[in-house]
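Hi,

Here's the structure I said I'd pass along. Have a look, and my notes on what turned up are below.

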Amino acid sequence: MSDFPNVHKNRSEWINLSHDIRWDDATWILTSAFIIFTMQSGFGLLESGSASVKNEVNIMVKNAVDVLFGGISYWMFGFGFSAWVEGESNQFMGVSHFFFDTDGHGVDGHLFALFFFKTSFATTATTIVSGAMAERTKLEAYILFSFFNTFIYCFPSHWMWRTDHSWFRQLGATDIAGASTVHLVGGVTGLVATVMLGPRTGRFKDKGTASKMGSPTNAVLGLFMLWWGWLGFNCGSTYGIANDKWVLATRSAVATITSSIGGGIVGIALSYVTKKRKFDIVYIINGVLGSLVSITAYCALARPWEGLVIGAVGGGVACLSVPIIEMLRIDDPVSVVPVHCVAAIWGMLSVGLFGEVDELDHILRYPGTNNPAAIKLHIPQKR
């Protein structure tokens, strides 16, 4: 059991358009969303730096398209499908708040804050896929994809984050900041997209052909922007700082940074060992990003050493998955599948390994397998 103090409302009620969001909570949510939107620049720099120079502008424009057309579709129907309103939603999807607006009665700031924050998540889920599709799609086709990809994101979002009555929640699944709904969904969608498109011309022409980075400097700069933006991603998912939620926010920040430290160190070590004492930028990038994806599911509850372990394993599996993807002749220019799909799977599993039941926000109701209480829970007692 955690030593967190009790509060009166749980996280699911905040997500479900609760009026309990205060002005300071809304300020925290909006500020975090501002930071998350700047991650679009990080994704753009990482993707353009990983691809050939001739396609840099095209890739940067596609990242703008993610916000433009992904944002309009989320306003039109995405928020309505993913939101939960008592008496107006079902287990599968929401059926209200389409073409999002309010009736103008009362204080509507909590609704606008949540919509803005969730829009940043929805556009991020689409941007993830753009890396897997790099250099093989026309802008017209990508505009259509950005618009309709909202459908892919909003339903898992509803299943995971709706209420305590959602079927994922009833199964005991916990995902604080979107390891499954954002990164796993984006990673799987990216895998399907790159398989459908096929490899770039000449990508696997010769055995051992490697994809050359157009601008390693841009790629590393993109890593930095994503790294710091991830703090807004994870810390903002506490949905405020009032009623002792600031405890979760600070814990999330520490777990996020220790996780990235673990993943980055593992990435450097793997590069040094497998590349014969050379340091490969791709290993460093994938190590850090894989660790950040891994900690996303458990960020607000993880202890510092747990964040370090989760990040180290996440960075390791992300780096080691790249050769497997290449062996299968899947052309993934930005390592979307290893970083966002494989690492997200580990991140979701880590909740079951390290989880502690918390009494502050009631985010996690079941202890992990490393907790003595969990052993008693899973092993039948002798009569």
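Contact here means heavy atoms within 4.5 Å. On that basis, and not counting residues up to four places away in sequence, D24 touches I241 and A242. Keep in mind that this is a predicted model. D24 sits in helix α2, and at 14% relative accessibility it counts as buried, because the cut-off for that is under 20%.

Now for the helix that D24 belongs to. Helix α2 (residues 23-50) packs with helix α4 (residues 109-132) at an angle of about 15°, and their axes are 9 Å apart. Angles under 35 degrees count as roughly parallel, so α2 and α4 are roughly parallel to each other. The crossing of α2 past α4 is left-handed.

Who makes the contact? From α2 you'll find A26, I29, L30, S32, A33, F34, I36, F37, Q40, F43 and E47. On the α4 side there are A113, F116, F117, T119, S120, F121, T123, T124, T127, I128, S130 and G131. Sorted by class, that contact has 13 nonpolar, 9 polar and 1 charged residues.

One more helix to check is α9. Helix α9 covers residues 245-274, and at 1.5 Å a residue its 30 residues should span 44 Å. The C-alpha atoms at its ends are 43 Å apart, which agrees. Just after α9, K276 takes a positive phi of about 55°.

Cheers

Methods
Residues numbered from 1 in each chain as written. Predicted model: local features only at pLDDT ≥ 70, side-chain atom pairs only at ≥ 80, totals over all residues. Heavy atoms only, no water. Helix = DSSP H or I, 4+ residues; strand = E, 2+ residues; numbered from the N terminus. Expected span 1.5 Å × (residues − 1). Axes fitted to C-alpha atoms, helices over the stretch in contact; angles between N-to-C directions. Parallel < 35°, antiparallel > 145°, perpendicular 65-115°, else oblique. Left-handed = near helix turned anticlockwise from the far one by under 90°. Nonpolar A, V, L, I, M, F, W, Y, C, P; charged D, E, K, R; others polar. Buried < 20%, exposed > 50% of the residue type's maximum accessible area, 1.4 Å probe, protein only.
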